[in-house]
Amino acid sequence: MSDQDSGRAEIAALARSTKYHFIVGLPRSGSTMLAALLNQNPRFYASGTSAAQIIFQMLYNQFSGVSELSALLDDDQRREVMHAVIDAVHHKRGARGVVFDTNRRWLLRAEQLVALYPFCRFIVTVRDPARVVSSLEKARRGLTFRQSKLFDPDTTLAQRVNRLMSDEGIVGQSLNLVHDALAGPLSERMIVVDYDRLLARPAETMGLLYRFLREPAFEHDFKNFSFELPRLDTFLNTPGLHSIDGPLRPATREMLLPADMAKALSKRAVWTDVKGTEATLLLGP
């Protein structure tokens, strides 16, 4: 076997031995912070929001009959292509054997991910919806002479909130995905991590998360950590949206929404009342 062939075999073996987990849930609910903390573990690689889900979804659509590609590949080939896409996106993981990919839309493809990775788990980050929307509004207000791609221009606060919370909005769609996942047949693979709980009791919360993932305990540093996705934030024209650094601080209680609007949005915390779910719930503070 040539050195080139040997190298390819080694890469293939590494790909097959890699464990994948998926960070999903609401925007502005701690997924970037969680990625920063997980990356402290030398066995872990947490990408933050990645391109894997977007490419995966595009291929899934093509495989489902919208082009001749659906007739040219059998299921085994499709499986290998899907594996290869996710492995390629995370090729920088090196020898780290556990990968965490972040994208809230992964819940749309949970069944396919479980078929590809039988031991995968889903970390569902959540936060009071009113505070999620308030955080997004704060990010928008910080752009005095820019127009964030997250918002339509020339809208009132009520219009922005309605669009964010609609079925197609980034908050409303995420809430629907979370509800369906927690009520569905794969709920035992879900762990819900509340943003306020993570900030208030980080060591305990991370310990329970490790137990759920069946990983050896690891002592995290909650003072010194950082993470950023500058290219994504530049694309969204919202600098700093996915940038965080330690130390871990208590959640801000700032609320930029009227009291009646905030109260109505808080009632949409769907994870607090899902009948029959088998998900692990780390709520509180």
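1. A quick term before the tour: two strands pair if DSSP finds at least two bridges between them. Keep in mind, too, that this is a predicted model.

2. With that in hand, look at strand S5, residues 190–194. Strands S4 (residues 122–126) and S5 run parallel and are joined by 5 bridges. At one of these spots, Phe 122 has Met 190 as its bridge partner in S5.

3. S5 has another neighbour. Strand S8, residues 280–282, also runs parallel to S5, with 3 bridges joining them. Here Val 193 stands opposite Leu 282 of S8.

4. Is S5 buried or exposed? Mostly covered: 5 of its 5 residues are buried.

5. Leaving aside residues up to four places away in sequence, Met 190 touches Leu 107, Phe 122, Val 124, Ala 181, Leu 182, Phe 212, Ala 279 and Thr 280. So the bridge partner Phe 122 turns up again among the contacts of Met 190.

6. Now the wider setting. The largest nonpolar core has 48 residues, and Phe 122 and Met 190 are the ones with the most contacts inside it. Helix H9 (residues 170–183) supplies the largest share of this core, 6 residues. As background, nonpolar side chains in soluble globular proteins tend to be buried together.

Note on methods: Residues are numbered from 1 along each chain as its sequence is written. This is a predicted model: local features need pLDDT of at least 70, side-chain atom pairs count only at pLDDT 80 or more; totals for chains, interfaces and linings use all residues. Side-chain values use heavy atoms; hydrogens and water are left out. Buried means under 20% relative accessible area, exposed over 50%, partly exposed in between (1.4 Å probe, protein chains only). Helices (H or I, at least four residues) and strands (E, at least two) are DSSP runs, numbered from the N terminus. A nonpolar core is a set of buried Ala, Val, Leu, Ile, Met, Phe, Trp, Tyr and Cys residues joined through side-chain atoms within 4.5 Å. Contact means heavy atoms within 4.5 Å.
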